[in-house]
Amino acid sequence: MRDVKRSIRTMPPDAEAAAVLQEWVEQADSLLDTALLDLSRADLSGADLAMALLTETVLRGARLVGTDLYRAHLEGAVLEEADLSRASLVKAELDEASLRGATLDEANLGSAQLWAVDARSARFRAARLHGVSLIDVRLEGADLTDASVRETSLKAVLDEHTVVRGLSGTLFGPAAIDRAGVRCEISGLELERWLNSRGAKVRVLNPRSEDITYYAKFSEGYSRSNPQGIVRRRMLNGVAHDEAFTRNLRWKPTEYLRLYELGHNEVDHVEISEAEAVTFIDAVAEENT
């Protein structure tokens with residue numbers, strides 16, 4: 001078992017949040033859960049917060065320098081003006097979080113999920129953004145000096161104040177350029193030229209064809225040939241879209257695969273072929289006719 005660092009340099013002013021943090025420090029086997037609490041101005045630098053539940057946690061002005069936030073749940077978290085320099089945010093979930101004015105210099109955001117994130121005026125100097133999904137992320141005025149990308153989905157909003165000098169690697173578009181409140185979407189060679197004319201050294205990749213993997217869910221009484229249900233993972237431009245086939249004959253978004261990866265699902269699954277998936281769909285459709 002790894003040595004989990006639980007020391008807190010500075011407790012937040014909020015009494016309830018401080019009590020939860022203190023309890024976490026004292027209980028070696030507990031998972032930190034501060035969802036909806038106010039940890040503003042706390043200093044959690046160097047702490048191991050891997051897989052922590054920080055959904056909608058307020059971390060305004062907090063110090064998280066060198067903090068391990070691997071697979072942490074930061075959906076809707078408020079990280080405005082927070083210092084996450086050298087933090088590990090690998091595979092972290094940051095959908096709808098606010099990083100406005102935050103510092104993420106030299107942070108590692110490998111394969112992190114950022115959808116509808118406000119990162120205006122945030123600093124990502126020398127940050128690793130490999131495989132990151134930056135979908136509908138606001139990067140107006142952000143500083144990406146010397147950051148690196150690798151098959152990164154940069155479907156974000158940039159403007160003339162976004163610094164990209166030294167940004168290097170490969171990415172997917174399209175991105176939206178905000179000019180005095182008017183947004184213009186650009187992609188491909190046009191996006192590449194726009195970025196590189198501002199000091200970047202990137203290559204914008206062509207969209208890849210969609211890659212789909214199917215899975216059969218089964219528990220007691222079910223099998224691969226007679227599954228409880230099926231789900232699929234569609235990979236498009238490096239972004240995973242998970243869907244379940246429902247009894248109303250539609251594919252709808254599901255969190256099943258992500259929750260399973262986190263150990264929260266008892267129902268098991270196995271990869272199946274497209275033909276097996278079609279057989280199941282046809283059987284469900286026949287039952288509903």
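Arg 86 lies in the loop between helix 1 (15-26) and strand 1, where helices (H or I, at least four residues) and strands (E, at least two) are DSSP runs numbered from the N terminus. The model is predicted, with local features needing pLDDT of at least 70, side-chain atom pairs counting only at pLDDT 80 or more, and totals for chains, interfaces and linings using all residues. Residues are numbered from 1 along each chain as its sequence is written, and side-chain values use heavy atoms, with hydrogens and water left out.

Most residues other than glycine have a negative phi, and most peptide bonds are trans.

Leu 249 counts as partly exposed because its relative accessibility is 39%, the classes being buried under 20% relative accessible area, exposed over 50% and partly exposed in between (1.4 Å probe, protein chains only). A cis peptide bond, with omega about 0 degrees, joins Gly 173 and Pro 174, and Pro 174 is found in the loop between strand 5 (168-172) and strand 6 (175-179).

An open sheet of 5 strands runs in the order 12-11-10-9-13 with antiparallel pairing, two strands being paired if DSSP finds at least two bridges between them. Its edge strands, each pairing on one side only, are strand 12 (251-253) and strand 13 (268-272). Neighbouring strands of this sheet are turned against each other by 35 degrees on average, direction ignored; axes are lines fitted to C-alpha atoms, for helices over the stretch in contact, and angles run from 0 to 180 degrees between N-to-C directions. Strand 10 and strand 11 (residues 239-245) pair over 6 bridges in the antiparallel sense. Helix 4 (residues 274-287) packs on the sheet and touches strand 9 (211-218), strand 10, strand 11, strand 12 and strand 13, its direction making about 130 degrees with that of strand 10; contact means heavy atoms within 4.5 Å.

In strand 4 (residues 148-159) lies Ser 153, which counts as buried because its relative accessibility is 1%. The C-alpha atoms of Ser 153 and Leu 134 are separated by 5.6 Å, although these residues are 19 residues apart along the chain.
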